[in-house]
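Subject: Structure handover

Hello,

Here is the structure I promised to pass on. My notes on its cavity, pocket and surface follow.

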Amino acid sequence: MLTVLTGLLTSLSYATSDLMSQRVTRATGAVTQIVWVLATGVIIIVPAALLVRGLPEGDEWRGAGLAALAGAIYFFALFCLLRGLHVGDLGLISALTSLQGAYVAAAVVALGEPITPLLGVALGLCAFGAVLTSFEGRARSTRGAPWALAAGLLFAAVMLCYAYGDIDWLSQTAISRTVSLLVALPAALLNGGVAVPRVLRPWAVGAGVLEVSGLTLLTITFALGPAAVAGVTTTQFGTFAVILGFVLLHERPKPNQWVGIVATVAGVSLLAAVA
């Protein structure tokens, strides 16, 4: 029961963080909000990592290098996500971004991992959902879908860097977020600065706090186990984003997009259960 609770809180944290970032991004731009999210995370994570883990030693420097690479990629992943949220609906963008797990699974299969029937079904559902959700037709209700798909691919690359690293999650996060911030700051300064209106600053900082909270809860959930329950519950941020978008933002996807969103969420959930 505790695993389910922490897993769902993980998903809710990520979805709410996206909701708050969407509001700030539409007023200031994606890169500015990225700086605020990353700076908040660095302020929280880096002191904790240095206190608990210290600096990498010996063979850990290889993992540190992969974490730094993940940080560079993470900036571009966040940029694509926030660009999608800038022009698109929260529910649709988050659902498509959640396909990151499917991209990782497809990459692993391409590298020689045998594909099981359930894995095949999960990947099929994800592909089917992505096509239906992204199909625009005459309406313009899929704005931002290409950005969301690109964000999912980049987040998948971040996950692969983490998976092949050999250092703890706290150090990985501290290194990757620091590198992301070092990339984001010059980009923001060249793009108009990092100023956020006073009324939006709680939203900007809150998004960063919730992003770090989601990562912490994610780690706790998998530590509690079992992995199948943790995997399914922590991948429901797309579901929560759809609910938040429907209730708070009055988003109304087209019928085919509802089917696509449901198929995507189901595919991601099944993928997490069988992975």
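First, the largest cavity: its lining has 6 nonpolar, 1 polar and 1 charged residues. Here Ala, Val, Leu, Ile, Met, Phe, Trp, Tyr, Cys and Pro count as nonpolar, Asp, Glu, Lys and Arg as charged, and the others, Gly among them, as polar.

The model is predicted: local features need pLDDT of at least 70, side-chain atom pairs count only at pLDDT 80 or more, and totals for chains, interfaces and linings use all residues. Residues are numbered from 1 along each chain as its sequence is written, and side-chain values use heavy atoms, with hydrogens and water left out.

**Cavity.** The count is 1 cavity of 30 Å³ or more. A cavity is a set of points on a 1 Å grid over the protein atoms alone where a 1.4 Å probe fits but cannot get out; lining residues have an atom within 4 Å of a point. Points are joined across faces, edges and corners, and a volume is the space filled by probe spheres set on them. The largest cavity holds about 40 Å³. Its lining is G91, L92, V242, F246, E251, P253, W258 and I261. Two or more of these residues come from each of α4 (90-97), α11 (237-248) and α12 (255-274). Helices are DSSP runs (H or I, at least four residues), numbered from the N terminus.

In α4, 8 of 8 residues are buried (under 20% relative accessible area, 1.4 Å probe, protein chains only). Both G91 and L92 are among them.

The largest pocket has a volume of about 1,600 Å³. A pocket is an open set of grid points with protein on both sides within 12 Å along at least five of seven lines. It is lined by 49 residues, and Q100, M159, L218, F222 and T235 are the closest to its centre. Elements giving two or more lining residues are α1, α3 (60-87), α5 (100-110), α7 (145-163), α8 (169-190), α9, α10 (227-233) and α12. The lining divides into 32 nonpolar, 13 polar and 4 charged residues.

**Surface.** L2, L5, L9, L12, I220 and L224 make a nonpolar patch of about 490 Å². Patch residues have over 30% relative accessible area and no salt bridge, with nonpolar side chains joined within 5 Å. A salt bridge is a Lys or Arg side-chain nitrogen within 4 Å of an Asp or Glu carboxyl oxygen. Areas are Shrake-Rupley values with a 1.4 Å probe. α1 (2-28) and α9 (201-224) each supply at least two patch residues. α1 gives the most, with 4.

Best wishes

Definitions and conventions. Patch = residues over 30% accessible without salt bridge, like charges linked within 9 Å, V, L, I, M, F, W, Y side chains within 5 Å. Buried < 20%, exposed > 50% of the residue type's maximum accessible area, 1.4 Å probe, protein only.
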